[in-house]
Amino acid sequence: MFTAGNWQEWAQIRVGRLDQIALPSRHLLLGVRLTERAGQAQKLGRRGVEGGLGLTSSTVASRELARLDAQMRRLGRRLESSPWRAQPAAVEMLAWMISREQHRGTPLPSPRAGTIAGAKLAALTRGRILPHPDHLRVVNAHGDVSAWVSVLTMSGFPEEMESPGNGEWLRVLSEINYVPDLDDDTDTDLDEVDLIQPVSPEASVRFRVMPKREALRVVNAARKSAKEQRRSASKASAEDPGRDIEETEDVMAELTRDMRREDETLVEDHPRLIVTSETSLDDLRARVDAVITHFGGLGIEVNVAEEEQRELWLEMQPGDQLRVPDLGHTRDVTALSGSWWWGGAHVGDDRGPIVGYLTGSTPGVVRNDVTAGSDRGDATTTAFVGRSGRGKTTAMMLSLLDAGFRGAYALALDFKGDLGGLVTAANRFGLNANLVETGPKFSGAVDLFKLLASEGVDVARGEVPAQLSIAIPEWLRAAGAETPITRAVNEVITAGDPATWKVIEHLRTMDDDLGRKAGEALYELSQNALGAPFMGRPTGTGSPISPEPGIVVVQMPGLSLPQPEEARGDWTPMKRLSVALMHSMLAFGVVTAGRRDLRGLRKVVAVPEVHILTATREGAGFLQYIARVGRALATSLLLDTQDPQSLVSMVGVLEQLTTVAGFQLTTTEQQNALAELLGLPQDAHTRALIQSVGLLSDGDIRHGHCIIRDRRFACATVQWDVPSAELLTLLDTSPKATDPANGTVSMEKVDT
């Protein structure tokens with residue numbers, strides 16, 4: 001997907017970072033027992049006769065196998081359209097699952113015509129497991145122990161569980177960690193964080209959803225039993241049935257009512273946890289203790305199944321059956337489904353650069369291509385929202401670099417002056433990148449005559465007088481200075497090779513007294529750092545802005561833009577120059593986006609601290625224009641703001657948001673606004689999530705962690721990742737960062 005600059009090196013550090021992260025993979029396999037509705041008795045009888053004659057065979061006939069395969073595929077189509085989103089497992093997946101349980105290093109057998117049978121199946125299922133009272137030992141072909149396995153049972157659950165919360169007892173398996181015993185030769189200088197390792201226990205749950213009639217019968221029996229106990233206790237001398245009995249009767253009566261009114265039933269499940277160690281038996285027991293302790297904190301009782309390890313291990317194999325039925329539980333379907341990985345969301349684009357990874361219950365990478373909206377006929381606006389110092393600007397710069405390597409033209413309007421590292425990083429990887437700053441060095445760099453030259457002088461004929469009329473003092477504008485300014489612009493255009501500084505010089509030499517006064521005022525203002533870029537005389541040291549593939553950063557720190565309700569007559573000279581400078585950039589952005597000869601070029605306009613721009617009518621109108629026409633003009637808009645409320649109020653931008661990256665916010669009003677942008681409910685849970693997304697477990701700042709809402713309106717927590725320490729240093733936006741060209745940069749710790 002990359003074509004510009006030294007894209008090979010850029011792609012390589014991305015790949016290297018993925019190898020370094022080493023994201024785990026979760027495979028969730030759903031086994032469904034298929035039962036024949038007819039012919040089952042005759043088939044069993046036939047097999048019994050064959051067994052009596054010594055002709056027993058475990059082979060499944062091809063006709064029966066074809067019928068079962070068709071039944072499985074019909075079931076797969078039903079499950080694929082259900083909330084399960086299940087798909088038929090490939091035979092290679094099943095072979096991998098069986099081989100993995102035996103910890104083999106041999107190659108998997110290859111299927112023939114979609115099946116593994118005969119000698120291949122015998123070789124696949126041949127293994128040696130030695131059961132012990134509290135664990136099993138997996139023995140390899142050489143007679144050595146390759147793994148130690150312990151099967152745990154979950155014997156007790158709280159009466160009520162919350163989800164999200166302790167009710168997610170299957171989801172939290174990936175969160176269990178332990179500290180292994182260190183060998184004598186282990187490096188003692190390791191960080192404490194490096195000593196913590198994941199246990200990675202696995203779950204095996206056999207369950208059966210009860211038909212509603214059977215479930216009602218079970219609930220009614222429990223209610224009657226509690227009722228009889230209450231009556232018996234009332235006849236005894238104490239005449240106190242106990243609070244537990246009374247509560248049981250009430251709860252069963254309420255559950256019966258809910259099951260009759262709603263689509264609610266019960267499920268009988270038998271959960272098992274499998275803990276494995278390939279190190280030693282002591283390491284296995286340390287992992288087991290960590291699992292028991294973790295679930296004990298959730299109020300769930302977990303035990304090692306003494307003397308039943310063999311039966312429980314066989315029970316969890318595919319195609320086996322329930323062997324220890326007395327360790328099960330009966331609960332409503334919601335309680336079981338709420339414990340699983342439904343929160344394992346997938347967000348991002350289907351194709352494009354990998355920018356980070358999911359941090360929820362399901363691991364995975366996240367792709368985001370900010371330039372792809374117009375290609376698929378979709379909106380093209382991406383918003384990075386959150387408080388300062390949480391990584392939103394760094395995430396935006398990484399997106400701009402990816403766009404640059406895709407051959408796009410990226411224009412970043414830097415109102416804070418902290419995006420200089422973006423140009424340095426782009427140059428480091430061979431991209432065409434330029435930095436334009438306010439001040440004498442870049443005099444004339446954003447002269448409208450130059451910026452709009454491709455559109456002809458007629459566009460500049462209207463824009464330049466409007467810009468200079470903004471910059472002149474109010475008393476000159478009230479006196480009619482716009483007329484001599486317009487005349488000077490026309491005469492400079494007629495003379496050829498027009499420039500704004502030539503218009504000012506022409507005004508200073510006019511016979512018109514008002515024109516000379518306007519020229520002198522504009523000349524003095526052009527010596528200002530804010531006035532020089534758009535009406536100063538070029539010095540030849542700064543690079544002009546041109547719409548060609550690459551990255552251009554225009555730094556404009558110190559802008560003092562007026563509020564929308566502020567009268568024009570009350571503007572200070574700094575505010576007039578700020579608005580006039582902004583006028584150049586907005587006019588250039590609009591014209592560049594709409595140029596017919598650039599329709600085939602990917603274009604990106606990035607606006608950090610967008611609340612500065614939305615404070616003016618012109619800025620808000622520009623954002624809404626680019627957002628609305630971005631798809632047609634192949635122009636993407638990236639917004640970075642600390643004020644989501646300002647975005648919510650801009651309907652034109654709000655309707656065109658394709659992706660939202662929400663970082664930490666702390667005030668209720670801003671959290672509610674961000675929840676609206678993310679499409680999440682504005683409740684206490686969402687506000688708590690937004691509050692905590694930028695924090696580590698110890699309360700320290702977690703940079704780059706956010707909630708992403710993609711174009712499909714799916715949401716998930718994501719860690720935005722910087723692929724190398726060098727790049728992290730170059731893109732540093734902290735106050736300690738200085739110009740990398742001077743050799744002094746900040747090495748502030750950022751979690752990636």
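Select helix α21 (residues 573-594) and helix α23 (residues 617-633). Helices and strands here are DSSP runs numbered from the N terminus (helices: H or I, at least four residues; strands: E, at least two). From α21, Leu-586, Gly-589, Val-590, Ala-593 and Gly-594 meet Glu-618, Gly-619, Phe-622, Tyr-625, Ile-626 and Leu-633 of α23. Contact means heavy atoms within 4.5 Å. The contact of α21 with α23 divides into seven nonpolar, three polar and one charged residue. Here Ala, Val, Leu, Ile, Met, Phe, Trp, Tyr, Cys and Pro count as nonpolar; Asp, Glu, Lys and Arg count as charged; the others, Gly among them, count as polar.

This is a predicted model, in which local features need pLDDT of at least 70, side-chain atom pairs count only at pLDDT 80 or more, and totals for chains, interfaces and linings use all residues. Residues are numbered from 1 along each chain as its sequence is written, and side-chain values use heavy atoms, with hydrogens and water left out.

**How the helices pack**

Two packed helices are described by the angle between their axes and the distance between the axes. Axes are lines fitted to C-alpha atoms, for helices over the stretch in contact, and angles run from 0 to 180 degrees between N-to-C directions.

Stay on α21 and α23. Their angle is about 10°, and their axes are 10 Å apart. The two helices are therefore roughly parallel to each other. Angles under 35 degrees count as roughly parallel, over 145 as roughly antiparallel, 65 to 115 as roughly perpendicular and the rest as oblique.

The crossing of α15 and α21 is right-handed. A crossing is right-handed if the near helix is turned clockwise from the far one by less than a right angle, and left-handed if anticlockwise. Show side chains in α15: Val-459, Glu-463, Ala-466, Gln-467, Ile-470 and Ala-471 make the contact. Their partners in α21 include Arg-576, Leu-577, His-583 and Val-591. By class, the contact of α15 with α21 has nine nonpolar, three polar and two charged residues.

Next, select helix α17 (residues 482-495) and helix α18 (residues 500-508). They pack at an angle of about 120°, with axes 9 Å apart. That makes α17 oblique to α18. Their crossing is right-handed. Which residues of α18 meet α17? Look for Lys-502, Val-503, His-506 and Leu-507. On the α17 side, the contact includes Pro-484, Ile-485 and Val-492. The contact of α17 with α18 has seven nonpolar, one polar and two charged residues.

**Two loop residues**

Move to Asp-497, in the loop between α17 and α18. Its phi is positive, about 50°, although Asp-497 is not a glycine. Most residues other than glycine have a negative phi, and most peptide bonds are trans. Is Asp-497 buried or exposed? Asp-497 is exposed, with a relative accessible area of 60%. Buried means under 20% relative accessible area, exposed over 50%, partly exposed in between (1.4 Å probe, protein chains only).

Now pick Ala-22, in the loop between α1 and α2 (40-52). Phi of Ala-22 is near 55°, a positive value in a residue other than glycine. Ala-22 is exposed, at 53% relative accessible area.

**Aromatic rings**

The structure holds six aromatic pairs. Rings of Phe, Tyr and Trp (its six-membered ring) pair if their centres lie within 6.5 Å; planes under 30 degrees apart count as stacked, over 60 as edge-to-face and the rest as tilted.

Select Trp-10 and Phe-429. Their ring centres are 5.3 Å apart and their planes stand at 75°, so the pair is edge-to-face. Trp-10 lies in helix α1 (residues 7-21) and Phe-429 in the loop between α13 (420-428) and β14 (433-437), so the pair ties together parts 419 residues apart in sequence. Trp-10 counts as buried at 0% relative accessibility. Phe-429 counts as buried at 2%.

**Last stop**

Select Thr-382, in strand β12 (residues 381-385). Thr-382 is buried, with a relative accessible area of 3%. Which residues does Thr-382 touch, not counting residues up to four places away in sequence? Show Val-370, Leu-637, Leu-638, Leu-639, Thr-658 and Thr-659.
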